[in-house]
Structures are given as C-alpha cells and as structure tokens.
Amino acid sequence: MPNQFKPYEHKAAYYETDCMGIVHHSNYIRWFEEARVDFMEQMGYSYQQAEKNGVMIPVLSAQCDYKLAAVFSDVVLIIPKIEYFNGFKMTITYKAVRKSDGALLANGETKHCFTDLKLSPIRTKRDYTEIYELFKSCEGVDLI
C-alpha cells in the first residue's frame, strides 16, 4: 500500500454538460468509477489484475447527492474512501470537490461484493488472503 493516495483528478469536458451548461448528473457516477479504478491502481491491485486472478468486484448500488454544479472545464477532484470492507462486501464513499475553490460538488457511495468470474460469491479472507489484507489495510484511509 502506498504511503499516501492522491485524489482522482478530472477536467469536465464540454460533452459532459447539458443544455443548461452544467455537468449532467449522470457523469458523477462515471467519475466515481474512474476514481475507484484509479484508487485500486494506487493500492497496487488493478481491476485487470483482479480479473486475471479470477476476482470480480461488481457494483451492487450507486448513489449520489448533488450539492453544487460543475461546469465545462472545471477541474474536479474525486476522493474515494473504503468505508466498509468485510472480505465479501465493500462500501466506497466519494467526495467530488472543485479544485479551484474546494467547493463540495457532490457526495456519493457505491456498494460492491467480491465474486468469481461466474459471479458466485467468494470470501477473500479465506480464499484470497492477500486481497483481503490489502483492502482491509485501506479501509477508513482518508486521501486528504
């Protein structure tokens, strides 16, 4: 595990905006996924590596609370945090913050489970000890 994680940085693209000139709400869920993938890479265990090892981490639910609007060319920091991990289920929370002024744009959460490639549940504590220890060591770690 790295000593320090970095927030995921995303510059809002023109195509992500709606007719009101603000980033469409659906993009935040995409940004959460991008941040989650980046976070796992920083942990030293990418999604590609997980799948190569026969592990899938499907999304069970996704939720977002919108606070302020992001607009075209805003640089947004997405800060993921593993709030809960028990070896089978995991909850990750997200904060989307405008980099220029630190304004909170959105809070969100995704819930996941760990499965094999056929989507049958697996117990990482028993069957994938290294994965369990890595994710457990990152549980509750604040990025900033």
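Colleague: Let's start with a hairpin: which residue takes a positive phi in the hairpin of β3 and β4, and how many residues lie between the strands?

Modeller: Happy to. That is Gly87, with a positive phi near 100 degrees, in a hairpin that has three residues between the strands. Please keep in mind that this is a predicted model.

Colleague: How do you know that β3 and β4 pair?

Modeller: Two strands pair if there are at least two bridges between them. Nine bridges join β3 to β4, and these strands run antiparallel, so they count as paired by that rule. One of the bridges has Val76 with Arg98 in β4 as its partner.

Colleague: What joins β4 to β5?

Modeller: Nine bridges, again with the strands antiparallel. Thr93 stands opposite Glu109 in β5, and Lys95 has Asn107 in β5 as its bridge partner. β4 and β5 also form a hairpin, with five residues between them, and Gly102 in the turn has a positive phi of about 75 degrees.

Colleague: In which sense do β2 and β5 pair, and over how many bridges?

Modeller: They pair in the antiparallel sense over seven bridges. Ser61 stands opposite Lys111 in β5 there.

Colleague: Why is β4 called largely enclosed by the rest of the structure?

Modeller: A residue is buried when its relative accessible area is under 20%. Eight of the 10 residues of β4 are buried, so the strand is described as largely enclosed.

Colleague: What share of the contacts between residues at least 6 apart in sequence join residues at least 24 apart?

Modeller: That share is 66% in the protein chain.

Colleague: Now the rings. How many aromatic pairs are there, by the rule you use?

Modeller: The count comes to 10 aromatic pairs. One of them is Phe85 with Tyr132, 5.5 Å centre to centre and with 40 degrees between the planes. That pair links distant parts of the chain, with Phe85 in strand β3 and Tyr132 in helix α4 (residues 129-138), 47 residues apart. Phe85 and Tyr132 are buried.

Colleague: Why is the pair of Phe114 and Phe135 called edge-to-face?

Modeller: Two cut-offs matter: ring centres must lie within 6.5 Å, and planes over 60 degrees apart count as edge-to-face. The centres of Phe114 and Phe135 are 5.4 Å apart and their planes are at 85 degrees, so the pair is edge-to-face. This pair also links distant parts of the chain, with Phe114 in the loop between β5 and α3 and Phe135 in helix α4, 21 residues apart.

Colleague: How do you know that Phe114 is buried?

Modeller: The relative accessible area of Phe114 is 0%, which puts the residue in the buried class. Phe135 is buried as well, with a relative accessible area of 0%. Ring pairs link Tyr45, Phe85, Phe114, Tyr132 and Phe135 into a cluster.

Colleague: What makes you say that the charged end of Arg123 sits over the ring of Phe88?

Modeller: The distance part of the rule asks for CZ of Arg within 6 Å of the ring centre. The charged end of Arg123 is 4.8 Å from the centre of the Phe88 ring, and it sits over that ring.

Colleague: Last topic: why is Leu119 called exposed?

Modeller: Exposed means a relative accessible area over 50%. Leu119 has 54%, so the residue is exposed. Its place is in the loop between β5 (104-113) and α3 (124-127), and its phi is near 70 degrees, a positive value in a residue other than glycine.

Colleague: And what class does Ser73 fall into?

Modeller: Ser73 is partly exposed, because its relative accessible area is 36%. Ser73 lies in the loop between β2 (59-66) and β3 (75-85) and has a positive phi of about 75 degrees although it is not a glycine.

Methods: Residues numbered from 1 in each chain as written. Predicted model: local features only at pLDDT ≥ 70, side-chain atom pairs only at ≥ 80, totals over all residues. Heavy atoms only, no water. Helix = DSSP H or I, 4+ residues; strand = E, 2+ residues; numbered from the N terminus. Buried < 20%, exposed > 50% of the residue type's maximum accessible area, 1.4 Å probe, protein only. Phe/Tyr/Trp six-rings, centres within 6.5 Å; stacked < 30°, edge-to-face > 60°. Lys NZ or Arg CZ within 6 Å of the ring centre and 35° of its normal. Contact = heavy atoms within 4.5 Å.
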